[in-house]
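You asked for a colleague's note on this model. The points below are meant to be read with the structure open.

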Amino acid sequence: MLSPWPSNMAKPKLHLLSFFIFFSIFLSFFRCTLSLINPDDEPSWLAVEADDINMVQTKRDSWKKCDFSVGKWVFDQSYPLYDSNCPYLSTAVTCQKNGRPDSDYEKWKWKPFGCSIPRFDALRFLGKMRKKRILLVGDSIMRNQWESLVCLVQGVLPNGRKMVTYNGPLMAFHAMDFETSIEFFWAPLLVELKKGFENKRVLHLDMIEENARYWKGADILVFDSAHWWTHSGDSSSWDYYMVGNSIIRNMNPMVAYQKGLSTWARWVDLNLDPRRTRVIFRSMAPRHNRQNGWKCYNQKQPLPYFSHIHVPEPLVVLKGVLKRMRFPVYLQDITTMTAFRRDGHPSVYRREISEEEKQKLKPGTGLSSDCSHWCLPGVPDLWNEMLSALL
């Protein structure tokens, strides 16, 4: 007979077998846990932090996952997301009600090459923005965008649970059940424009507090400022500049713009906390104003391509100022995507056009053509889809 294994040899074998069983179970559990945390085996807290960094284009360009500004317009029959009967629209942008005969300009969606922008979901947006104050600051193009955003959300709110209030240059739409406000503040130059000696208009390039006091307490701030800085001659909104106590009668407009933006940037750096407030600066929307504003009349489709990409000088100045800031501001670059859309302007349909006037629609007939603002529904809705994705 074979003698049995000695007892002192059996124990190590049993211990070793138990260890391998325990280790296999633990390894399986660990792999399962990782797959539940994140399909890419990346802890979720790390993924969120990386996404926050990616959004700050001006600080960490090398980390970007997707550049929303590069893409193409695709026709989508499921658009628009509301119609021109939205009660919060200005008459000047309700092109369908004003008699514009075509409507395809309402049905184009922006598709970035590297990713997709989700379709705007009003309830999801309001849910994310619950108890938050969203403030859009700028010129009439920003007012255009504010009206778009309000119309995108108001349809899911019952009558009696939404309202608009006014406080000087500030107007606010309230979604009462969500305790959310979507506000617009009129400040086309951001810095202060005041009346001076002999009723002259003075643009104070180093003063902003009179406007900025309204901005404090906002959870999301969206700025734009460019168009008014490019006005000259009779269309200029000021007679001279001031910096400190110095009066300056002539200055390169882009130098003035850089000084004004730098004043805004200092205020943001000194007064806002990035843990409390998100700041976005939307780039300028191109105008199609050649031929005295008739360049956009009767345009029915986006431009198919550009022979070359032109970067407007105000955008170059803006990027330079943002890169010098400590506060992480996201540059929402809509300039190139919007440049394709010469079909999206009100043109002569900024007001209701009579049948008699329709027979005489051509340059030189006394009708003005607006190639700066945007029909709604229309192009600004896609800016707001992008904004929703960023937030």
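1. Basis of the note. This is a predicted model, in which local features need pLDDT of at least 70 and side-chain atom pairs count only at pLDDT 80 or more, while totals for chains, interfaces and linings use all residues. Residues are numbered from 1 along each chain as its sequence is written, and side-chain values use heavy atoms, with hydrogens and water left out.

2. The seven-stranded sheet. Seven strands form an open sheet in the order S4-S5-S6-S3-S9-S12-S13, and the pairing is mixed. Strands here are DSSP runs (E, at least two residues), helices are DSSP runs too (H or I, at least four residues), and both are numbered from the N terminus. Two strands count as paired if DSSP finds at least two bridges between them. Strand S4 (162-167) and S13 are the edge strands, each pairing on one side only. On average, neighbouring strands are turned by 20° against each other, direction ignored. Axes are lines fitted to C-alpha atoms, for helices over the stretch in contact, and angles run from 0 to 180 degrees between N-to-C directions.

3. S4 and strand S5 (residues 170-175) run antiparallel and are joined by six bridges. Met 163 has His 174 of S5 opposite.

4. Pairing around S12. Strand S9 (residues 220-223) runs parallel to S12, with four bridges between them; Val 222 has Ile 280 in S12 as its bridge partner. On to strand S13 (residues 330-332), S12 pairs in the parallel sense over three bridges, and Ile 280 stands opposite Tyr 330 there. How many residues of strand S12 (residues 278-282) are buried? Four of its five residues are, so the strand is mostly covered (buried means under 20% relative accessible area, exposed over 50%, partly exposed in between; 1.4 Å probe, protein chains only).

5. The four-stranded sheet. A further open sheet has four strands in the order S7-S8-S10-S11, again with mixed pairing. Strand S7 (192-195) and strand S11 (246-248) are at its edges with a single partner strand each, so one side of each has no neighbour in the sheet. The twist from one strand to the next averages 30°. Strand S10 (residues 240-243) pairs with S11 in the antiparallel sense over three bridges, and Met 242 stands opposite Ile 247 in S11.

6. H7 lies across S12 and S13 and runs at about 165° to S13. Helix H10 (residues 379-390) lies across S9, S12 and S13, at about 155° to S13. In helix H7 (residues 313-323) the buried residues are Pro 314, Leu 315, Val 317, Leu 318, Val 321 and Leu 322. Why do they count as being on the same side of H7? They cover an arc of only 160° around the axis, the arc being that of the directions from the helix axis to the C-beta atoms. Their cover includes H6, S12, S13 and helix H8 (335-339), where contact means heavy atoms within 4.5 Å.

7. Aromatic pairs. The whole structure holds 16 aromatic pairs. Rings of Phe, Tyr and Trp (its six-membered ring) pair if their centres lie within 6.5 Å; planes under 30 degrees apart are stacked, over 60 edge-to-face, and the rest tilted. Phe 223 and Trp 264 make an edge-to-face pair, 5.3 Å centre to centre with 70° between the planes. Because Phe 223 is in strand S9 and Trp 264 in helix H6 (residues 253-271), the pair ties together parts 41 residues apart in sequence. Phe 223 is buried at a relative accessible area of 0%, and Trp 264 is buried at 0% too.

8. Charges over rings. Arg 249 lies over the face of Tyr 240, 5.3 Å from the ring centre. Arg 341 lies over the face of Trp 73, at 4.6 Å. The criterion is NZ of Lys or CZ of Arg within 6 Å of the ring centre and within 35 degrees of the ring normal.

9. Ser 237. Ser 237 sits in the loop between S9 and S10. Is Ser 237 buried or exposed? Ser 237 is buried, with a relative accessible area of 12%. Leaving out residues up to four places away in sequence, Ser 237 touches Leu 193, Arg 201 and Trp 228.
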